[in-house]
Amino acid sequence: MFSDRLLRILLPLLLIPSCSVKENRAVCPCGLTLELAGLPVHPVVLSVVGEGYSWTEVVHADTALVLPVPKGEVAVSAVGGALAEGDGSVRIPEGEEAPPLYLYHADVSTEAEQVVLPVVLHKQFCTLALRFKGPHGYGPPFEVVVEGFYGGWAPDGSPAPGSFSRRLLPGSDGRAVLRLPRQGDDSLLMHIVFSDQVVRTFALGSYIAAAGYDWSAPDLEDLTLTVDISLTSVTISSDLWTRTEDIELWI
């Protein structure tokens, strides 16, 4: 007896119009098999778009699907952890952190009669953990504003230009966490704010680069930075380096 998984693969194949040897097989559809395994999030919106062809399905578990698609080329996309725009891009609303986006995109040749495509979603965000140490008796709690110039992702997962700003209030343990979208350069900034006054701005992107971080990696790693604020300086450090800069702090 066939398993449910095998039936899901064979049934669409049986529905694909067959072509006899006397017919022009160039016009026959391609049987495109999409294999999704080890999904990091659920659900995933899976879409296939080609010339005169469009198909979308919401996938809730590992599966294999077979589609009759036109010969030529199709774009295959899978999006999990966020809602994509109509064009397949993902935008971050002003003032919010990046969503936990996992993404796959590929342009696939469908000139063959059968094509098997593993669909592997990749992590498109960096969870940045900031550990703050502040001076005793500095008055109101200080805040941190992280500002960037990439506000989302293009359909292929590349960084999309746009404004990004997230305001953070470290907890009683001095910790603050935010998700950053994939970056196209080292332009990220971090503002230290006391009583609604910016007392120092740091080139956060340059510090992340100094830590050896790779924004072009298929799966983005998470990162932890320690920020030690005294009355006269701020020291930022990772496991690889430490840098101290002078500030003027009014208490």
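## Exercises: one glutamine and its strands

Gln183 touches Tyr150, Pro159, Leu188 and Trp215, leaving aside residues up to four places away in sequence. Keep in mind that this is a predicted model.

**Exercise 1.** Find where Gln183 sits and decide: is Gln183 buried or exposed?

*Solution.* 
- Step 1: Locate the residue. Gln183 lies in the loop between β13 (175-181) and β14 (189-194).
- Step 2: Check its surface. The relative accessible area of Gln183 is 4%, and buried means under 20%. Gln183 is therefore buried.
- Step 3: The side chain of Gln183 reaches the backbone oxygen of Pro181 at 3.0 Å.

**Exercise 2.** Take the open sheet of five strands: in which order do the strands run, and which are the edge strands?

*Solution.* 
- Step 1: Read across the sheet. The order is β3-β2-β5-β7-β9, and the pairing is antiparallel.
- Step 2: Find the strands that pair on one side only. These edge strands are β3 (53-59) and β9 (122-123).
- Step 3: Zoom in on one pair. Strands β2 (residues 44-50) and β5 (residues 73-80) are antiparallel and share seven bridges. Here Val48 stands opposite Val76 in β5.

**Exercise 3.** Now turn to strand β16 (residues 223-229): how many of its seven residues are buried?

*Solution.* 
- Step 1: Count. Five of the seven residues of β16 are buried, so this strand is largely enclosed by the rest of the structure.
- Step 2: Find a partner. Strand β10 (residues 125-133) pairs with β16 in the parallel sense over six bridges.
- Step 3: Pick out facing residues. Phe132 stands opposite Val227 in β16.

Terms used: Residues are numbered from 1 along each chain as its sequence is written. This is a predicted model: local features need pLDDT of at least 70, side-chain atom pairs count only at pLDDT 80 or more; totals for chains, interfaces and linings use all residues. Side-chain values use heavy atoms; hydrogens and water are left out. Helices (H or I, at least four residues) and strands (E, at least two) are DSSP runs, numbered from the N terminus. Buried means under 20% relative accessible area, exposed over 50%, partly exposed in between (1.4 Å probe, protein chains only). A polar contact is a pair of N or O atoms within 3.5 Å; within protein, one must be able to donate a hydrogen and the other to accept it, and residues adjacent in sequence count only if both atoms are side-chain atoms. Contact means heavy atoms within 4.5 Å. Two strands pair if DSSP finds at least two bridges between them.
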